[in-house]
Amino acid sequence: MKLEQKTIDQFQKEVDTYIGQFKEGYFSPLALTARLTEELGELAREINHYYGEKKKKPTELEKTVEEELGDLLFVVICMANSLHINLGQALETVLDKFQTRDKDRWTKKTDEGKENL
């Protein structure tokens, strides 16, 4: 059974509905930045455990890189929502920047071997 893929807009609305049920609402941008830093640290720790030299202790709980990326994404969505930023539009802007400013920065797979001709 294939799950329906949600759009970024749908995720932003879902997070907003979740946060909207609490009187406290969204944390301040400063607090959300601290949360982003915390979640990024947890992601880095998991990456180090799975792909680096520092393996988990037998007493440490199993977490996954996927779970930590999800936590990070949740906080990013909270930050965007609290600042009234449409992440889809923000991503479109960034992709356009990379496709124009950096279009010749990297060797494209279709260009491999052409340098020797």
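This short talk walks through the helices, the nonpolar core and the aromatic contacts of the structure above.

Before the details, please keep in mind that this is a predicted model, in which local features need pLDDT of at least 70 and side-chain atom pairs count only at pLDDT 80 or more, while totals for chains, interfaces and linings use all residues. Residues are numbered from 1 along each chain as its sequence is written, and side-chain values use heavy atoms, with hydrogens and water left out.

Let me begin with helix H1, residues 8–20; helices here are DSSP runs of H or I with at least four residues, strands are E runs of at least two, and both are numbered from the N terminus. The expected span of a helix is 1.5 Å times one less than its number of residues, and for the 13 residues of H1 that gives 18 Å, in agreement with end C-alpha atoms that are 18 Å apart. Within H1, Gln-12, Val-15 and Ile-19 are buried, where buried means under 20% relative accessible area, exposed over 50%, and partly exposed in between, with a 1.4 Å probe and protein chains only. Seen down the axis of H1, its buried residues fall within an arc of 65°, so they line one face of the helix; the arc is taken over the directions from the helix axis to the C-beta atoms. As background, an α-helix has 3.6 residues a turn, so residues three or four places apart point the same way. On the other side of H1, Lys-13, Thr-17 and Gly-20 are exposed. The cover over the buried residues of H1 includes helix H3 (65–82) and helix H4 (87–101), with contact meaning heavy atoms within 4.5 Å.

Just after H3, His-84 takes a positive phi of about 55°.

Which residues make up the largest nonpolar core? There are 9 of them, namely Val-15, Ile-19, Leu-32, Val-75, Ile-77, Cys-78, Met-79, Ala-80 and Leu-87, a core being a set of buried Ala, Val, Leu, Ile, Met, Phe, Trp, Tyr and Cys residues joined through side-chain atoms within 4.5 Å. H1 and H3 are the elements that give two or more residues to this core, and H3 gives the most, with 5 residues.

Finally, the aromatic rings: the count comes to 3 aromatic pairs, where rings of Phe, Tyr and Trp (its six-membered ring) pair if their centres lie within 6.5 Å, and planes under 30 degrees apart count as stacked, over 60 as edge-to-face and the rest as tilted. Tyr-18 and Phe-74 form an edge-to-face pair, 6.3 Å centre to centre with 70° between the planes. Since Tyr-18 lies in helix H1 and Phe-74 in helix H3, the pair ties together parts that are 56 residues apart in sequence. Tyr-18 is partly exposed at 42% relative accessibility, and Phe-74 is partly exposed at 31%. Together with Phe-22, Tyr-18 and Phe-74 form one aromatic cluster.
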